[in-house]
Amino acid sequence: MTEAMEQHQIDELLLEIQSEEAAREHLRQIHSRTDRLFAGLMALQFLAAVLAAVIITPRTWIGAESSVHVHVYSAIAIGGTLAAFPIFLALRCPGKTITRHTIAVAQVMFSGLFIHLSGGRIETHFHVFGSLAFLAFYRDWRVLVPATAVVAVDHLVRGVFWPESVFGVIAAAPWRAFEHAGWVLFEDIFLAYSCIRGAREVRIMAERRTRLELVNATIEKEVFQRTQELQAQTDALTREMEERKLLENQLVEAQKLESIGQLAAGIAHEINTPTQYVSDNTRFLEKQFSNMMRVLDRYAEQIDPDAPAKSWQERTEEIRTTLKEVKYDFLRQEIPAAIDQSLEGLDRISKIVRAMKDFSHPGSEEKEEADLNQAIDSTVTVCHNRWKYAADMDLELDPALPPVPCHLAEFNQVILNLVVNAADAIHEHAEGAPGGGRIVIRTAAVDGAAEVHVSDNGGGIPDDIRENIFDPFFTTKDVGKGTGQGLAISRDIITKKHGGQLRCDTVPGEGTTFVIRLPLDDAEPLREAA
Amino acid sequence: MRSEESLEVLFVDDEKRVLDGLRRSFFDKSEDWSMRFAPSAEDALRLMDERPADVVISDMRMPSMDGAALLGEIRLRWPATVRFILSGQTNQAELMENIGAVHQFVQKPCTPDALDRAVTRTLRLAAQMEFGSRSALATSLGSLPVVPDIYRELLAALDDVDSDAEMIGRVVERDIGMTTKLLQMVNSAFFGLPRHVCAVKDAIVLIGTANLRELAITGRVFDVLSDDSRSSSSIAELWKASADVGALAADLARVNRQPVAVCDAARLAGTLSVIGRAILAHSEPDRFASAVDEASSGRTTLNDAEAMELGVTQQTVGAYALGLWGFDDEIVEAVAHQTEPERGHVRELSHPLPYVHLARSSYQNSLLVPRITPADEWLDSLGLYSTTGSKAA
């Protein structure tokens with residue numbers, strides 16, 4: 001509170017100083033302006049004095065001799081002096097105190113000059129009153145003091161020593177000078193009063209203006225501040241939006257990496273298993289090849305002309321023994337199976353490797369026409385390890401499905417998420433009583449859209465969480481098993497990046513079907529179905 | 001053990017082609033091995049019911065019942081059966097979590113020779129140990145008990161950001177239950193290391209402290225005794241004594257200017273030298289107790305009393321258990337022959353046996369690990385000698 005008061009006092013003081021300064025400045029302007037006015041007036045008065053001298057008393061006669069009257073010379077000399085110095089000051093130092101006091105003295109001395117030139121005409125005395133009123137323009141009562149003093153002294157001195165010059169008579173009563181001075185003082189009272197009021201008005205005006213300026217400045221400052229704040233907010237918002245966009249992209253990427261990380265171990269397993277039996281079989285074939293060669297060698301001996309003669313009996317016995325030794329029946333049976341299974345194993349491995357290549361198709365900025373059936377087949381192969389222990393997989397892919405414009409890498413990610421979810425749902429549902437799990441993926445072109453159905457016969461989604469399944473970070477899986485990003489990101493990918501739809505049909509206890517719909521025409525995103 | 005009859009081997013894998021491949025691979029062995037093949041865990045249990053197998057080699061991931069569950073079941077119902085996992089999995093953490101009932105992991109793809117060696121080795125050990133029917137004492141064991149105080153210390157060390165593998169290793173080394181489990185993990189074929197790891201701190205580096213922390217916390221890897229367990233204090237004392245023996249053996253190896261690897265092996269063999277006692281006390285508490293009584297009366301040695309009461313000695317059971325868990329032959333031999341080294345064929349100073357024998361014949365700080373008589377002649381032949389009751393040099 002005291003602090004606020006102190007601040008207020010400081011503000012007031014500052015305001016006072018500022019308004020005082022403004023008032024002084026305004027007065028200075030008035031003084032300068034008036035100085036200039038008087039400079040002009042002085043010049044005019046000088047000309048008027050000379051003209052008056054020439055008109056009223058041009059010549060003087062002493063006997064027959066006529067010469068230019070002394071008035072003319074005195075008007076030129078005195079008037080010139082009176083006018084020159086104030087004009088000089090007014091031009092040289094306008095607004096200075098000395099200037100206006102000098103002007104005041106000079107002005108009333110002009111009055112004296114005019115009175116003298118007019119031969120002390122009483123009417124010319126009005127020039128004094130006019131001059132004083134004029135001096136009041138300064139709004140400085142102090143200029144009236146030397147002016148009045150000069151008038152008084154002039155009247156007094158000339159009234160005593162040269163009454164003709166001031167009153168137009170040879171002899172004047174001394175009180176006349178005092179009376180004139182009294183009238184002058186009488187006017188001074190009003191003029192001083194108006195000067196003081198004028199000056200005070202100037203001060204009040206100045207204070208008002210200063211206050212106004214101050215308020216204006218405050219408002220301007222506030223407006224500036226607000227503008228800046230608004231700008232900062234706008235900037236922050238823009239930045240935030242950019243960051244969010246970046247984060248969203250990173251999230252998609254992170255979820256992809258997470259699922260790839262999970263897949264990697266599974267893929268290794270998927271490759272290690274066939275490698276095991278391919279290598280077992282190949283080693284077996286290597287060993288059995290030598291056994292087969294033994295049999296062939298035995299046969300070759302039979303047709304060798306250099307070989308010793310043998311009876312048919314001996315020959316059959318020999319062959320029969322060898323066949324028995326190499327376990328011929330076993331070989332007949334096992335070798336073709338070993339070759340078949342090795343080839344199957346190699347097919348399996350190359351299919352996985354090819355599927356990995358398809359699945360990890362680099363993402364592109366632009367959509368590309370893609371064969372969704374093949375993409376689904378690859379993705380299912382890549383994540384074989386994730387579902388094979390939970391379910392059988394049926395692919396009912398419509399071969400007539402036209403190419404669909406899409407971001408293939410991200411579409412694969414969605415399929416992967418849905419398949420993994422389906423496998424987990426079946427696994428959870430079948431806890432304790434495994435077997436009978438089934439995942440079906442079906443594709444078809446329906447009404448200008450490609451539809452992909454991913455169905456499982458797991459436990460379905462309970463009513464109370466059905467609304468949450470697409471929420472980020474929502475998961476029912478154990479800690480460490482899922483981040484809860486899969487469906488949120490899948491929906492994002494399908495709706496935002498492809499202008500498609502992702503919906504979920506579920507019957508608790510029976511299973512869940514996720515339906516992806518992608519527009520066949522890239523230019524026409526699917527409208528949100530009712 | 002079954003030198004006369006053929007060995008019963010049961011393969012389990014949900015991929016029929018893997019079973020076919022194995023059948024063809026071991027076709028030549030059909031005279032020594034009687035092989036059966038089960039396409040699922042349930043089929044395997046059915047076949048075991050018909051006729052128990054000596055060795056089960058199972059895949060890990062299978063629909064419904066997986067390999068870990070199958071081997072767990074087999075451990076309970078057929079404790080004498082040797083239990084192997086043959087898996088294509090590469091996820092270490094997942095495998096280690098399921099190590100409980102598993103004697104050894106073998107990584108797919110593996111050559112028939114490697115699998116053959118692993119199987120044959122355990123059988124050879126069993127034959128050497130002259131078990132008769134008592135091999136189940138070793139095979140039935142899932143893991144050795146862990147002292148709760150040391151387990152808590154391990155958790156604290158794992159949570160401490162300043163602790164490194166060496167500091168954590170020093171904690172683990174004091175508990176034989178944790179030591180054996182960690183070394184079993186890293187020495188299983190799954191890690192595919194070219195040599196056997198003997199130092200606990202190396203094992204911790206290989207597993208990684210983060211993994212170890214996860215494994216320790218799940219509580220599925222270590223068999224931690226409860227604080228009020230009756231055997232808890234005696235196990236704690238036994239583990240402490242064995243850690244001392246291990247340290248002593250390592251010192252002796254160092255004094256004899258052996259390289260670090262030999263010192264590590266000597267420490268490990270010394271530390272593990274008395275696990276047989278824990279196994280016997282755990283599996284046959286009453287009979288073992290009467291053997292201890294018999295020996296303490298002074299009429300006979302503990303080993304003879306064990307042989308009489310239980311049909312095996314603690315060294316034999318301990319060595320066989322280590323063999324089952326895939327420990328190096330040297331460690332197995334050192335544990336097996338620690339009391340009577342002359343009965344083995346070890347004649348090298350780079351073998352841990354001399355140092356374990358010396359350590360055992362000089363250590364006398366615990367009644368649980370009684371001092372043994374030094375085999376002076378055998379030591380002489382190696383150029384070593386012992387001064388009874390003091391360290392040898």
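**Group meeting: two chains in a predicted model**

Let me begin with A:L44, which is exposed, with a relative accessible area of 57%; by exposed I mean over 50% relative accessible area, by buried under 20%, and by partly exposed in between, with a 1.4 Å probe and protein chains only. A:L44 lies in helix α1 of chain A, residues 2-56, where helices are DSSP runs of H or I of at least four residues, strands are runs of E of at least two, and both are numbered from the N terminus.

Before I go on, a word on conventions. This is a predicted model, in which local features need pLDDT of at least 70 and side-chain atom pairs count only at pLDDT 80 or more, while totals for chains, interfaces and linings use all residues. Residues are numbered from 1 along each chain as its sequence is written, chains are lettered from A and ligands numbered from 1 in the order in which they are written, and side-chain values use heavy atoms, leaving out hydrogens and water.

Staying with chain A, A:N373 sits in helix α10, residues 372-382, and counts as buried at 11% relative accessibility. Which residues does A:N373 touch, leaving aside those up to four places away in sequence? They are A:L397, A:D398, A:P399, A:L401 and A:T443, a contact being heavy atoms within 4.5 Å.

Two residues of chain A deserve a look at their backbone. A:R139, in the loop between α4 (126-135) and α5 (144-161) of chain A, has a phi near 55°, positive although the residue is not glycine, and A:R139 is partly exposed at 35%. A:K327, in the loop between α8 (312-325) and α9 of chain A, likewise has a positive phi of about 55° without being a glycine, and its relative accessible area of 40% makes it partly exposed.

Now to the interface. Chain A contributes 24 residues to the contact and chain B 28 residues, and together they bury about 2,400 Å², 54% of it on carbon and sulfur atoms; buried area here is the accessible area, with a 1.4 Å probe, that two parts lose on being put together, summed over both. There are four salt bridges between chain A and chain B, each being a side-chain nitrogen of Lys or Arg within 4 Å of a carboxyl oxygen of Asp or Glu. A:E344 forms a salt bridge with B:R17, with the closest N and O atoms 2.3 Å apart. On the side of chain A that touches chain B, α7 (175-302) and α9 (328-359) of chain A each supply at least two residues, and the largest share, 14 residues, comes from α7(A).

Turning to chain B, strand β3, residues 55-58, points B:V55 and B:I57 one way and B:V56 and B:S58 the other, all of them buried. In a regular strand the side chains alternate between the two faces of the sheet. β3(B) pairs in the parallel sense with strand β1 (residues 7-12) of chain B over four bridges, and also with strand β4 (residues 82-87) of chain B, again parallel and over four bridges, where pairing requires at least two DSSP bridges. B:V55 is the bridge partner of B:V9, and B:V56 stands opposite B:R83 in β4(B).

Finally, helix α19 of chain B, residues 353-362, is mostly covered, with 10 of its 10 residues buried, and its cover includes α12 (232-255), α13 (260-272), α18 (329-336) and α20 (376-381) of chain B.
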